[in-house]
Amino acid sequence: MADVSPPGSSDPGAHPQAVTSVTADEENAVSPDPIPAYPETTDAMASAPIPGRRMGWRRWLPVSAVIALIASAAIGMLVFLGYSIGVTGLAIGLTAAILPVPLLASAFAWLDRYEPEPVKYLAFCFAWGAAVATAVALVVNTGAAWLFDKIGLPDALVAVLVAPFIEESMKFLGPLLLFWRRRAEWSGITDGIVYCGLSALGFAMVENVLYLGGHGYAAGADEYGPATGLQNVFLIFIVRILFTGFAHPLFTSMAGIGLGIAARSADRSIRWLAPIAGLLAAMILHGLFNLLPTLSAATGESLIMLYGYLGFMVPFFFAVVGFAIALRSWEGRLTERVLPRYVATGWFAPPEVASLASLGRRHSARQWAKRVAGPAGHKAMRSFQFAATRLALLRDGMERGLAREPRDAERDAIEERELLAAITGYRSVFAGRDPQTPPAWWDGNHYRITFPDGVVRAVAPPAEPVMPVPVRLAVPAYPPPGFHAYPVGGGPGSPPPFPQQPTWQQPQQPWDQPQQPPQGGGWPQR
């Protein structure tokens, strides 16, 4: 495996070492080597891309094919809707249908704040649901209605027997393609809810255009005039968007939960069965929801719809929302469970891990970085937080055995190495810049602090790490001697050995005795 130098290293082929090896006889005569100086702050360090997020066009042919498919479906839907409900109906329906989209899309973005997914993938899922899924579902539902009419079955059965299966399958297919081709972008159930929810949101938007512009404005305007058409739009808007606007995202989120479970499982059976179970749950929920108005119309009992809506759909919706909110902080709690292992080997300081545990702490850390290092510090801290979260997810996946093949384990080890190097670069932008704190750093076991008398002393970490992050870290070499992408003699499913950072030589004098700064370079300056 090729070595990687820390960002800003003057020698791209060399690794700065925190210590040098000494013999027992020499230990009393030598002081620890100086901590390598961090690179100077640059805009490039603050704006460097997070490893694992590959930039640029790759595999342009499949990407071009998907873009062409979505664009063709979108154009086809616009032509069909314009022809069916008229240009005026299309404009009014589209305007009304778009109104709730920013609010609902923001809700999904709010769920995904710990490790936000690339915008291009979110846009892909939304466009897939709005264009491809609606176009296919419209063709199949129309054909099924024609077939049911030919064999003497009521059209209402299409909404119960056909629509749930074709609509949920098509909404699910876009995120499934993303899951297949970009597995690294799936960190868990939250990502599944976000991707599938956005696909369903795009589908619901276009479906609402048909209802608001066609069944609403166009039908009312043709029969009684434009005023009646606008009144119909208002009434349908209340029913379909304010009361049941959550329906499509709720249904498809079941499939997203299945994909999220599959993304974090090393069991092959779960990887196959969880998405299928989630899709079936989405279809059943959709079918039950469509069954309520069908039974109400068939029996003349409107209370069936009311009781089903208030007694089942609304409580189930709030239960799923509560579940999603609980999952929202899962990635933050994951950093608290995983990153302390990097603390023990000197890659992170305890306050850094503490600063990642909640969104409130992350915000405070960004504000502190902005105060001590300006806008570049704020940007670097944000990138540091995202990269650290991705590192925790990656290490968790290694230990779960998600890499089934040796090449996958090797890829994960390379990404871990890149993330650690990037985190070191981001840290260099804001670490040691606070004029209110003395020069200090973390060596994996103690804080090394320069006291006002100029003497460096080791201080044990407190039980509760302090905020914000006032310390530097020694820039370690990676990979350490003897490190392999996966254990020698092991196999797929075994976690790779944990990266070790060179440790300080322990002097013989007690820690409470003064230590003189090392010779040949001095301590790093703020």
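# Packing around helix α7

Tutor: Start with orientation: helices α3 and α7 are roughly antiparallel to each other (angles over 145 degrees count as roughly antiparallel, under 35 as roughly parallel, 65 to 115 as roughly perpendicular and the rest as oblique). Helices are DSSP runs of H or I with at least four residues, and strands are runs of E with at least two, numbered from the N terminus. This is a predicted model in which local features need pLDDT of at least 70 and side-chain atom pairs count only at pLDDT 80 or more, while totals for chains, interfaces and linings use all residues. Residues are numbered from 1 along each chain as its sequence is written, and side-chain values use heavy atoms, with hydrogens and water left out.

Student: At what angle do α3 and α7 pack, and how far apart are their axes?

Tutor: Two packed helices are described by the angle and the distance between their axes. For α3 (residues 101-111) and α7, the angle is about 170° and the axes are 9 Å apart. Axes are lines fitted to C-alpha atoms, for helices over the stretch in contact, with angles from 0 to 180 degrees between N-to-C directions.

Student: Which residues of α3 and α7 meet?

Tutor: V101, L104, A105, F108 and L111 in α3 meet T190, I193, V194, G197, L198, L201 and M205 in α7 (contact means heavy atoms within 4.5 Å). This contact of α3 with α7 has ten nonpolar, two polar and no charged residues. Ala, Val, Leu, Ile, Met, Phe, Trp, Tyr, Cys and Pro count as nonpolar, Asp, Glu, Lys and Arg as charged, and the others, Gly among them, as polar.

Student: How do α7 and α8 cross?

Tutor: The axes of α7 (residues 189-224) and α8 (residues 226-243) come within 7 Å and cross at roughly 150°. That makes α7 roughly antiparallel to α8. Eleven nonpolar, seven polar and two charged residues form the contact of α7 with α8.

Student: At what angle do α7 and α9 pack?

Tutor: α7 and α9 (residues 247-263) pack at about 150°, with axes 7 Å apart. α7 is therefore roughly antiparallel to α9.

Student: Which residues lie nearest the centre of the second largest pocket?

Tutor: Rolling a probe the size of a water molecule over the atoms shows where empty space is left. Here A159, E207, Y211, R240 and N290 lie nearest the centre, out of 40 lining residues. On a 1 Å grid over the protein atoms alone, a pocket is an open set of points where a 1.4 Å probe fits, with protein on both sides within 12 Å along at least five of seven lines; lining residues have an atom within 4 Å of a point. α7 gives the most to this lining, with eight residues.
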